[in-house]
Amino acid sequence: MFSSQEEFKEAYLKKLEMTSGKAFPDTTLQDRYDTLGQLIREYISMNWIQTNEQYRYQKQKQVYYLSIEFLLGRLLRQNLMNLGIYELVEEGLGDLGIDLKDMEDVEQDAALGNGGLGRLAACFLDSMASMDLPGHGYGIRYKHGLFEQKIVNGYQMELPEQWLRHGYVWEVRKPDLMMQIPFWGRIESSEKDGVTSFRHVDAEIVAAVPYDLPVVGYGTTTVNTLRLWNAEPYAYKAGRDMMKYKRDTEAITEFLYPDDTQDEGKVLRLKQQYFLVSASIRTILESYLSRHGDLTNLHEHVAIHINDTHPVLAIPEMMRVLIDEYGMDWDSAWGVTTKTFAYTNHTTLSEALERWLVRIFQPLLPRIYMIIDEINERFCRDLWDAYPGEWGRIEGMAIIAHGEVKMAHLAIAGSHSVNGVAKIHTNILKEREMNLFYQYFPGKFNSKTNGITHRRWLLNSNPPLASLIQSAIGDAWIKDPSRLSELESFTADSAFLENLHKAKQLNKKRLADRILQTNGIVVDPDSIFDIQIKRLHAYKRQLLNILHILHLFNRCQENPDADIPSRTFIFGAKASPGYYYAKKIIKLIHSVADLVNDHPAVKGRIKVVFLENYRVSLAEEIIPAADVSQQISTASKEASGTGNMKFMMNGALTLGTLDGANIEIQEQVGDENIFIFGLRAEEVMKQQQDGSYYSMEYYHHDERIKKMLDQLIDGSLPDAGDHFETIYDSLLAENDEFFVLRDFDSYAKAHERVASAYRDQESWLRMSLINIARSGYFSSDRTIAEYAREIWRIGGVGLR
Ligand code: 6GP
């Protein structure tokens, strides 16, 4: 292919002219990017084929990670870095007068996910390939990923996302591997030799066509596969409305998470879920059977992971295929299935726990419903044996109850492993949310603290810091992130700390330039960059942050000479299109920004910036520039958080509650290198239960709070209209569900500790370095090693 810069240039130029049909000077950036992508994908092909061959012949146990979301972001840089040819390509293109950075910016993010759960899946793919583990992803090729956010006059507007507009260079369409997925119709049964068999008739068939993406490991020849399914018409039936069939079919993979507040939307969502798992499970079984003969040992050769409950229909689908298509008896099929599947829960918020109405489910997926019904019958019988007479308990654990299918119950009953994503989260599952299941299946429950790929989130996105680390401790940490701990020996080295400062300033300057460009706001790179970027949700408490900013503003007004250090507060967040309250908070952030940014009393000491269209590639620019990472969810609500880990790894100090993985960050860095505030999870849960919290008391007894809340509704805020009454009411009339006022004082004090710590730059840098040095634990390589060893049982291969 190419092994030198000269060969690369030659191959590239030739391909560019051939594919674009233009002379080099006439080619556009898009042409140049497409050609580069194609060339790199071809470069990857040899290893991709070899990896697949190796898996086929060596008969290694394969892991399949099923997820309704894969939030990949961009791939060009990651692929070049992982292949070890970034510099070769950069210099080769440089000779041709092309800046590789411009190419990187042409790439649209593949935003096939909403947030944490989808990004975790993407990090896991990188770790599995980089650790030479045979782990593949199965997902959906949404035509439109997560909506594009535009801010107009402080309001969020949503535009359809268009990542496929110019085609997608990393994918390979494989129509010959198409699967047929049946919906609707009826089930006919027949008896032969005392065995009943079932046939699905009159179904509407949809074609699932795979698009494969290579997942390139770092510094290895392993290339795994992410297979994304696309829905297409299969065959037109006489007498049916052809256009409607086409529309209904294509709608299945049109959007990520279509609106599910209406029945019609719900059908679509459920269709997506079954579409994903049916195509995947049948492919997995076919591939297994081509490698091994006997289905009864399936679990020894295949592990299937379900990422939250969205793919949980994989369990009854596997039962269906084993029984209806391969003639296995129920008990053997159930034994194999439960030993093959493992399930991760990602949230305890009850509104996110999936339940499907039987009246919607049954007609759409008649055979799957029958199987779930049978699973439920047998499960309840077992429960009855274990807990005779305890109707309430059995009702609380049933898979079908009150006209609904409970997806989490199905996931727990049908898997051999159930894990939470941080210690506290797993404990809450065990002790509260899933306590009945924990009592019945104590051995299934385990904890796997999340991780992030340090290759994308440090090596690739923070070159100044990565090269400083490399100059200090070499590059062994790229393959073994625990070795970041070697940086601890530099905590007393003031020259090193000075360089750490320089790296941070470089990143802050770059972000300041972007802010000027996109928001027209001048921010000072010497101010504290205090950042909260994540989905907009009441429990994540962006409201606490913005109210505190309003309070700082009030302090400036009361005393213009107050000793307030200069701070830049940066937000990035998308609100779900139907989430009215979250959208009000976006408006509030903008309104406070308008009030504060150029106000004479503030004298430039506070700037508030909202960066629109928060996404993976934007996070990669923002995180390296952070001094302070705000992780301020109401304790007990954030399952883990992974942004917290990305910030820590880039040397930001966490300002956070004892929630999710913040607790484990604190364990790693010690109390002195993190700023913790607020109620603990037990306190929150206790006060929720006994109703002892009255937000109104805080309003009456804390003047700062009274003032801020009054400002929400008294016309102090620009363009407030009556928007903020909703927020005011949520905090007072509705008694502040997320304890914003309760935690305010403690939060404000933590901010004061941050401000005074920042004044001593040397000590701040030392704290920052300790955070980086102890972040190795939060690499997804560690997380994946634990999944591999303890859940998938594929120890040995490439594990440290
Ligand atoms: C998120 C959790 O909110 C976050 O705390 C966690 O870090 C992340 O999952 C990865 O485990 N949950 C989701 O994104 C979600 O959609 C159903 O849960």
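1. Ser467 belongs to helix 19, which comprises residues 463–473. Between the C-alpha atoms of Ser467 and Ala573 there is a separation of 30 Å, and the two residues are 106 residues apart along the chain. Please note that the model is predicted.

2. Asp627 may be examined next. Is Asp627 buried or exposed? Asp627 counts as buried, because it has 21 C-beta neighbours inside 10 Å, and the cut-off for a buried residue is 20 or more. Asp627 is placed in the loop that lies between helix 24 (616–622) and strand 23 (628–631). If residues up to four places away in sequence are not counted, Asp627 touches Ile528, Phe529, Asp530 and Ala652. Asp627 and Asp202 are 425 residues apart along the chain, and 61 Å separates their C-alpha atoms.

3. Phe529 has Thr568 as its bridge partner in strand 21.

4. In general, the strands of a sheet pair through backbone hydrogen bonds, and the pairing may be parallel or antiparallel. Here 3 strands form an open sheet in the order 15-17-16, with antiparallel pairing. Strand 15 (355–357) and strand 16 (400–401) are the edge strands, each pairing on one side only. Strand 16 and strand 17 (residues 404–406) run antiparallel and are joined by 2 bridges. Opposite Ala401 stands Glu404 of strand 17.

5. Helix 29 (residues 703–713) shows how a helix can present two faces. Its buried residues are Ile705, Met708, Leu709, Gln711 and Leu712. These residues lie on the same side of helix 29, because they cover an arc of only 150° around the axis. The exposed residues Glu703 and Asp710 are carried by the face turned away from the buried side. The buried residues of helix 29 pack against helix 22 (542–558), helix 28 (695–701), helix 30 (725–731) and helix 31 (740–759). After helix 29 comes Gly715, which has a positive phi, near 90°.

6. The overall division of the protein may then be considered. The protein is divided into domain 1 (1–58 + 75–108), domain 2 (59–74 + 109–450 + 785–792) and domain 3 (454–778). A distance of 38 Å lies between the C-alpha centres of domain 1 and domain 3.

7. The last point concerns the ligand. Which residues of its surroundings are the closest? Of the 16 residues that surround the ligand, the closest are Gly116, Leu117, His346, Ala639 and Ser640. By class, this shell consists of 5 nonpolar, 9 polar and 2 charged residues. Domain 2 and domain 3 each supply at least three residues to the shell.

Key
Residues numbered from 1 in each chain as written. Predicted model: local features only at pLDDT ≥ 70, side-chain atom pairs only at ≥ 80, totals over all residues. Near = placed C-beta within 6 Å. Nonpolar A, V, L, I, M, F, W, Y, C, P; charged D, E, K, R; others polar. Domains from an automatic or database assignment. Buried ≥ 20, exposed ≤ 12 C-beta atoms within 10 Å, placed from the backbone. Helix = DSSP H or I, 4+ residues; strand = E, 2+ residues; numbered from the N terminus. Arc of directions from axis to C-beta. Contact = placed C-beta atoms within 7 Å. Pairing = 2+ DSSP bridges.
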